Structures are given as structure tokens and as C-alpha cells.
Amino acid sequence: MAFDSFAEFLAMGGHAPYVWSAWGVTALLLLATVWHARAEQRQLLKGLKRRARRANSARGNAQ
Amino acid sequence: MSLCLQARQLACERDDRWLFQGLDLEVRSGEIVRIEGPNGSGKTSLLKILSGQLSDYQGELFWNGAAMNGAREHFLANLLYLGHAPGIKSGLSPLENLAWYQALSGEGGHEEQRLEALERVGLAGFEDVPAGQLSAGQQRRVALARLTLTPRALWVLDEPFTAIDRHGVADLEKQLVAHAQAGGCVLVTTHHELTASPLLRRISLG
Amino acid sequence: MHSSSQSSETNQQVLAVPLREHKGGLMTAVKATLMRDLTLMLRRRGEVLNPLVFFALVITLFPIAISPDPELLAVIAPGLLWVAALLAALLSLDSLFRSDYDDGSLEQLLLAPQPLVALSLAKVAVHWLLTGLPLALMAPILGIILALPAGSYAVLALSLALGTASLSLIGAIGAALTVGLARGGVLLSLLVLPLYIPVLIFGAGAVQAAILGDGVSAHLAILGALLAASLMLAPWAIAASLRISING
Amino acid sequence: MWAFIHKLGSPKWFYGISAKLQPWFWAAAALLIVTGSLWGLAFAPADYQQGNSFRIIYVHVPAAFLAQSIFIAMAVSGLVFMVWKIKVADMAAAVMAPLGAAMTFVALFSGAVWGVPTWGTWWMWDARLTSMLILLFLYLGVIALRGAFTSRDSASRAASVLAMVGVINIPIIKYSVDWWYTLHQPASFTLTSRPAMPTEMWLPLVIMVLGFYSFFIALTLMRTRSEILRREANKRWVQDLVNGQVEEAR
């Protein structure tokens, strides 16, 4: 452990704004890409399923 | 010696839509083959594939029995393609335009040949006018002059009758038949109704 | 899909139009393409002059925007001249294949029984002859009004002549990629400018070295090496890009 | 070999295999990044010169590595697509580009922030940062070119060619920028070039780099799967797959 207390850890020896903003932006971007990829996949599947259901019911009506 | 262009199981997909699939065709000496189909059925794409411009297709092409990849140079040396746009530079005179086309195939050519070809398409007297000052139909005629200027066995013509007057249409049609009778081969798309001829064959798409 | 059967009698007949073997003539084709593009450009003198006027205008803007102080100008002159020349060369790139694409002669170029690589190289050569070379010749005159120190004028012209040849080659890749797009002009600069940076560094560096009295041969050698590399690689990329654009 | 390549080329096969691989890469990414972060932030010793601001290295360097690697991966995918006409390769290239641009941005941002305590300024024309900035423009160019075409086939080919041209230029750009930087020498030292780092400093860095690579692979697999669904929506196997899921839901 390079720090004696949690407060010191947060203070980063006076470099807190730099260290935390760099890490924060990185973490935010990584999480945002994951969130975006998940949302994209869900939306696609939802659209495909809706289409499949509509096609199925259309086929059902025709019979 | 005769020529033969074959396509086997040709399929073309443009952005997830099949323009055509499983197309087998064979074009031989002495034939006029008209590709038919409604707008957007892939006529131009098919001509572009058959003339070796579009490489994005499935299936195989053969030129005189040899796979197209190996025979490409020989194929291009015997091909004359006229596309939607006439390919005429408006800044150059008809003579200069034709000279470039002659040189593209590697021949120097003579001015008399070019003058003669222009005369045949009814452009005598316009040899030195910048092509930009000619009408659309006259520009098309300059392009058509290549048919006689640089004799090639295989003609691939995409809507060659566009912008041409009735007289010119009749002349061109005669020229196509004569070419096929002489053992050449014509692949053509057109909205114009071609007169029936034993040499004419239709392939319909879509 | 149907194709009616056809009697095979006609197939046996002898061709009046015999099949030809492809018999070279590459030099004829390349020379004709060079001459054609030169004639075309020289008939539209405005298009040849535009980049030169643009170059002069941009150079005029800097002293007005920064300061008329000759000492200050002398320091930044090499960079200014190089950046302005680079932008001027970029300006004319969009039209390199555009008119050929519009009037259909690009398809014909692709279907010529000659290697497209050689033919497109001829087109790029004309672009350099009528853009890069005049810019290089004009730069020393503009150097005077920027108080460029003596002794660097020849290097300025030489570095520009060498450098703009690479710029034309690299830029032609971008022009070929965007020729099928309706508004390719802005995109073209986005694609091409980052690739111009090495040429800019060594081009402007050569002029600076000449001013400082350092040897310039290293810079010019690197510019030459960049040109050799572009000459070897760019034509293939140009040809591939043209084929993509024509598929549009 | 050929059979393998063509198997890989089938989107259906790739969709199946990537579903199996994906969780492992996500797990590896999470594990490595969490470990590396804790180690780098809390346990690695502070730098004797830069103090704790040095800890920015643990995001700056992995992002910079990834930014360059993704461009190379994109160009290789482009080559595979152009040579073997394998569509999955192009789909992967398409989804890689935005992540690459994002990583380049992260590297630039963290570098700029790092510059404040080190150089006393937000931006220094440091060789590494300058190359990164140019790389960002290259990414934006590829993304813009892909978006500019109406035909997706042409867009894919054009983007592949541009990625390949870019990848040939990246080392040239890098060397010329390095050379330019040493010539002008505006700063006494660069951010990350330093004499040998002690183990407890570079080990977390290695872990972070590996974590970022796992993240890249996992995300690319995931987004390529989405891209496959998008492009193959009309194909039989996708419809069967969706139908199966619909029925399951009942």
C-alpha cells in the first residue's frame, strides 16, 4: 500500500484532479462502450423478434 | 475461330438484395443478345460484370473456355464497351477523343481512319468542334464511331440508342446485325424495341 | 430465368472481326493519356491558375494577420510557404478524376487492355506537372515577400518540387476513393491531410536547415525516399480505389 | 487451412463460436482491469520525480497501445476482406473503428491531463501526443469514408483500402514526428520514456495492457455479433435463430 489512509489515497499527494479525471474519463468511456454495445444488441434482437412474430402471425392468419 | 463468353451460376448481391442468382448464360459468335428486365433488375450490373468492371459477384466467367482471371487481357483486347455515359470529353474535339480511344488499345492509328469513322456516324464537318458544343445525340454518335474505328469482336452496349434520332437508330441497328452476321457478338440493353432477327436472343432478368 | 435455344450453325462461322492478341502499346496509351490530360487542362487555364492564385493569396494573408515585421516573418516563412503550397495542391485534387467519372471515360480507362496502374500514374503526373511544379517555381517569389533569408530559395523550390510529387500521388488515392461521392471534397481533405504530414515535416525542415546553414542533403534524400515509396505503392492503391469507386 | 478460413468466413459459424468465446474475454478483461487498477492506483509506489500523477500511466499507455493495435487489426481485417472476400472480417473492421477512435481519445486526454503537473501546460507538442493526434484524424477519416458511401459494399472496400494505406503510413508518420520533435526539443523529457521501472511499477502496467486487449477482443466479438444480425437479418439462419428465441419465450 502506497498510502497511509483512504483520505491520502483520494488526495493522490496533491495530484488528485489529474489522476482522477484521467482515470474517470477512461472508466466512463469503457463503460459507455459496453453499455452502447449491449443496448445495440438488445435493440437489434427486439426488432428481429418483433419482425419474426409479425411474420409468424401473418402466416398463422393465412392458414 | 469463334468467340464465346460464358457465365456459370452468376449471382450478384447488392447491399443484401439479390439482383440475380444462379444465372447461366453463354454468348457466342453471330449472336445479338438483348438483356431485358424492369428498372433496377440489374441489367447494368450484369453488363458490368460481363465486361469485367464489377468484381463483386459470385459464380464464374469463362472467355473462350478459359477462366476469366487468366484470360482477362485477351478478353479486354477484344471488348468494346459503351456505358450509360458516352465517355466523351467535352473539352476535346471528336477527333481528339477518338485518337485517345485508339491509343488506349495501344494503336497509334491514322487521322484518315478517324475522319472516316466520324463520317460514317454523320459527323462530317464536326471533326474539330469541341465535343462540349455538340448535342447529346452527336456526342453519343462520337462514341459509336468507335464501333467502326476500333474493330472488336465483342460489343457490350448499355443503352446505346439513348439520345439518338430515328435515322441513327435504324443505322445502328443495321450495324449490330451486320456485326453479328460477320461473326461478331453483341450484348445489349435497350428500351428500344429491336426488330426481330434470327440472330437476336433475349435474356430476361427479374 | 430463361434463354431460348439458338441454332449452333452460326457458331461455326469464321469471324470477320478476328480475335486479336493483346499486343502491348503501353507507351502509346500512356503518352496519349498524358497528352490528353495536358491538353484538357491547358484549355481550361483557370483551373491551372486557381491553385497558384490561392497560394499567393494565402501567403498575403499571413503578414496581414500576424505582423509585417520581416524578422518575425523570416522565422515562420518556411512553414508558411510549405503549408500554403500543400493546401493549394490539395485544392485541385478533387477534380483529378471527377470529370472522367462524370462523363464515363473513367470506365473506359478501367477497361483498356493496359494496366490501370500505369494509366492512372500518367494522370497523376499531369496533376503534378500543372500544380506541384508551378507551385514550386512560384514559391521563391512569395519567399521574397515573406523576407525568406537568402540562400534557401533554391532549396525551397527543390523541396517543393520533390514533395508535391509525393503529395499528388498520396492525394490521388484520396481523390480516387471519393470520386464517386457527391460531396467528396471536404472528406478528401480529411483523408489526405494526415497522410501529408511526413512530407510536410521534411519539406519545411529542408528549408529551415538551409536557413540555419545545416546540410540539406539529408532532408532532400528523405523527401526523395518518400517519393520513391509513394511511386511504388500509391499507384496500386489508386487503381484499386478507382475500381471501388466505379462500382459505386 | 482453406477450410478453416472459409469456416471463419461464414457469419453463422462465427456467431456461434463467438458466443462461446465472449464470456471468457469479458471475465479476463474485468479481472485484469480491476486488479491492475487497484494495484496501480493504491499499491504501486509513487514516482520519485512525478509523484502520484505518474499513476496516469496505467490508463494512458494501455489506451495508446490499443489505439495503435486496433488500427493495425482494422487494416489486417480489411486485407482479409479484400483478398478472401470474408464478410465477417469487414464487419469486425467496421465495429473496431469507433473503439479505436475512443482509445485514441483516451490516450490524448490522459496525456493532456498528465501534462499539467509534469510540464505545467495542457498541451505540449510531444512526439507521442502529436502522433496520437494524427492517428485520431486517421480514424476519423476511415469512419467518415465508410459513412459517406450509400452502397455498403463500396463503403467496406473503400474503408479497407484506406485502412491499409493508413497502416503503411503510421510508422512513417511516427518516425517523422519523432525526428521533428528531437530537432526542435521543446521539453526536457517525454512523459513515458524513463529509465528502467521497478517491477512493482511495471507489473500493474502489464496487467492493465492485457486487460485492455481482452476488453477490445470481447467488445469486438460482441459488436461483430450485432453487426452480423444487422446485415444478415434476411438470411434464413438468423430468422430460424430468432424464431427459436421467440418460441422459447412463450
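User: What makes two residues count as being in contact?

Analyst: Two residues are in contact if their C-beta atoms, placed from the backbone, lie within 7 Å. By that rule, the contact between chain C and chain B takes 42 residues from chain C and 51 residues from chain B. This is a predicted model, in which local features need pLDDT of at least 70 and side-chain atom pairs count only at pLDDT 80 or more, while totals for chains, interfaces and linings use all residues. Residues are numbered from 1 along each chain as its sequence is written, and chains are lettered from A and ligands numbered from 1 in the order in which they are written.

User: Which element gives the largest share of the side of chain C that touches chain B?

Analyst: Helices (H or I, at least four residues) and strands (E, at least two) are DSSP runs, numbered from the N terminus. On that side of chain C, H1(C) provides the largest share, with eight residues.

User: How do you know what classes of residue chain A brings to chain D?

Analyst: Ala, Val, Leu, Ile, Met, Phe, Trp, Tyr, Cys and Pro count as nonpolar, Asp, Glu, Lys and Arg as charged, and the others, Gly among them, as polar. The contact takes 26 residues from chain A and 35 residues from chain D, and helix H2 (residues 16-62) of chain A gives the most to the chain A side, with 19 residues. Sorted by class, that side has 17 nonpolar, six polar and three charged residues.

User: What is the helix content of residues 72-93 of chain C?

Analyst: This span is 91% helix and 0% strand, and its end C-alpha atoms lie 32 Å apart.
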